[in-house]
Amino acid sequence: MEITHYDHDQYTLPQVVIPPPKPLLTAVKSSMRETFFSDDPFRRFKNQPGSRKVILGLQYFFTILEWAPRYKLSYLKSDIIAGVTISSLAVPQGISYASLCNMPPIIGIYMSFVPPLVYAILGTSRHMAIGPMAVSLVLLANIVSEEVSPAENPELYLQMALTSTFFAGIFQACLGFLRLGFVVDFLSQATIIGFMGGAAITVILQQLKGLLGIIHFTQKSDVVSVLTSVFTQFHEWKWEPALMGCCFLFILILARNFSMKRPSMFWVSALAPLFCVITGSLVVFLTHADKKHNIKAIGHLQKGLNPVTVSDLSTVIKSRHLIACIKAGLITGIIVLAEGIACGRSFAAIENYHIDGSKEMIAFGMMNIAGSCTSCPVASGIFSRTAVNYNAGGKTQVSPIVMAIMMLLTILFMTPLFQYTPLVALSSIIIVAMYSVMDIPAAIHLWKIDKIDCMICMGACLGYCFGSVLVGLSIAIVISLLRLILFITRPRTLNLGKIPNTSVYRSVDQYPAANSIPGILILQIDSPIYFANANYLRERISRWIYEEEDRIKASGERGLEYLILDISTVGGIDTSGIRMLEEVKKNLDRRNIKLLLANPRSEVIKKLDVSKFIEKIGWEWMFVTVSDAVESCKFVSHSSDPSSAEDKVKPSEDNV
């Protein structure tokens, strides 16, 4: 490839220009739009008549008005089959998860009735299956149980759980309406993986109580307390529930592995929990195992629709437990949003359609607000249930509506059938479900790619296991924030060289073949320049200069004459950053080194101009590219007549 040389008598360098000023209100409006409305949700309302805008507004908030008129009857068969399939999974899962967090088993069935109906009206995912998520329920139960014991005061415990759900819904809906979804992004994927893994480990160990028939068991959830309780109560271990539990575990694991190897047989793993519940109930009913063989059953389940619990909310809100409920609501609300939106986006990516994050937050919030008023603790989108819905052929939100109808029929007519369900069957279902939550391959993947992400994951996991919910979250968030602060305060500076036979300048660390230019040091700053990193950058640039001068002395090359700062990746700068550049220039002037700036961004060039910094270095030393800056430096350095060289090469004021 032929190298292009500039003829400075004929070639005019590209101009560095300052963007035209904008009125203050226009600038503020543009900034707000970029911050909160990056997806331009008002685009659909442009150039539409008033009546049409009203319809579009209703469709924006009530998405059922958008997809229902376009619903194809050819989808109905698939949606009904999918709805019936996930309802067969929802019943045993719901009963199990309710028992897991020390709530009446019927609550778990309630959670698959009201929340899915609300989400079908407001949500944007076509495949999301709504219901109780084990991790969020365990999280909610752990926080609430620190305030009130479920054994001593079960009524107040349930009221607090519902009140926490109400605040979780308020928080989620506010995030959606105010378009503050970035708050959820502070929980990284590594944090969620570790947190859910820690929750899964503690929940699995807690199920040893039901699996071994232990009566006296700790109320604490950390691993040490649970294992201590298990082994100190060795005299309470019973072989009958252990044998039945092992049989159920074998069936569930076998069904799960079979369905994983043959995805078309997904219904095997979907129906396995219901099979265990029915089989266990028949065994208990026919053999009276609950009375003769130490196998405990659920007992009586009340029939009827979800009781309205608005009065319960007002009772707790007026009590001293309000702060605890708000804390539980905020934490579980964030976890539910992060997991639920990730679930929806995963299946939307498979089917190539869009999930609106803000509308999802509104849908989740309204769903949990409605649920808190109808005896439903915090609900979410569930990966396992959504996968079953998708594999069963579900096309739209009609399938969760079908599931809700099936749950209604169960609540009204079939709850007495589950009174003989053995608790050990529920423990087995929970163990297999929580084992699926532990994403060990993802943790290994984190270790291979990013060790700090893996530390965050392990911190969340171990903190949850050996401490508590808040300890796990705190460790993960603190490590994440420290990493963020480190990135902000210690940005990278790169030494650039020219790739042979091109005019491209790249990092010499990444491209060892890139050549340094004699007498010129080219540095790239890889972040915005703010008060938090200005002092570090000044010291780091000085160090680069010292090291370059030492290298030059050792090699006998020409002395350092120019420092080119490539600020193309500097998206912003504040007054501390400008002051840092001024100090760097003074330091260079004392060393007779010229400072050049290459490719400043619009926000940066405006501030540099207003602060008069450009006048201090001279407009003639501002360039659009690093290549232009290098060629100008070369021309000046190689001119035999300095005075004429200045007239010929020094870029004129027209350069800007």
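Asp450 pairs with Arg483 in a salt bridge whose closest N and O atoms are 2.2 Å apart, a salt bridge being a side-chain nitrogen of Lys or Arg within 4 Å of a carboxyl oxygen of Asp or Glu. This pair links distant parts of the chain, 33 residues apart: Asp450 sits in the loop between helix 21 (440-449) and helix 22 (451-466), and Arg483 in helix 23 (residues 469-489). Helices (H or I, at least four residues) and strands (E, at least two) are DSSP runs, numbered from the N terminus. The model is predicted, with local features needing pLDDT of at least 70 and side-chain atom pairs counting only at pLDDT 80 or more, while totals for chains, interfaces and linings use all residues. Residues are numbered from 1 along each chain as its sequence is written, and side-chain values use heavy atoms, with hydrogens and water left out.

Arg483 has a relative accessibility of 17% and therefore counts as buried; the classes are buried (under 20% relative accessible area), exposed (over 50%) and partly exposed (in between), with a 1.4 Å probe and protein chains only. Asp453 also forms a salt bridge with Arg483, with the closest N and O atoms 2.8 Å apart. Here helix 22, which holds Asp453, is linked to helix 23, which holds Arg483, across 30 residues. Elsewhere, Glu582 forms a salt bridge with Lys616, the closest N and O atoms being 3.0 Å apart. These partners, 34 residues apart, lie in helix 25 (residues 575-590) and helix 27 (residues 613-617), respectively. Lys616 is partly exposed, at 47% relative accessible area. Through shared partners, salt bridges join Asp450, Asp453 and Arg483 into one network.

Attention now turns to helix 19. Its 17 residues (398-414) reach 23 Å from first C-alpha to last, close to the 24 Å expected at 1.5 Å a residue, the expected span being 1.5 Å times one less than the number of residues. Among the buried residues of helix 19 are Val398, Pro400, Met403, Met407 and Ile411. The buried residues of this helix pack against several elements (contact means heavy atoms within 4.5 Å), including helix 4 (76-100), helix 6 (114-122), strand 1 (130-131) and helix 18 (383-391).

Helix 16 (residues 322-351) has 30 residues and reaches 43 Å between its first and last C-alpha, close to the expected 44 Å. Asn352, with a positive phi near 60°, follows helix 16.

Leu178 lies in the loop between helix 8 (154-177) and helix 9 (189-206), and is exposed at 53% relative accessible area.
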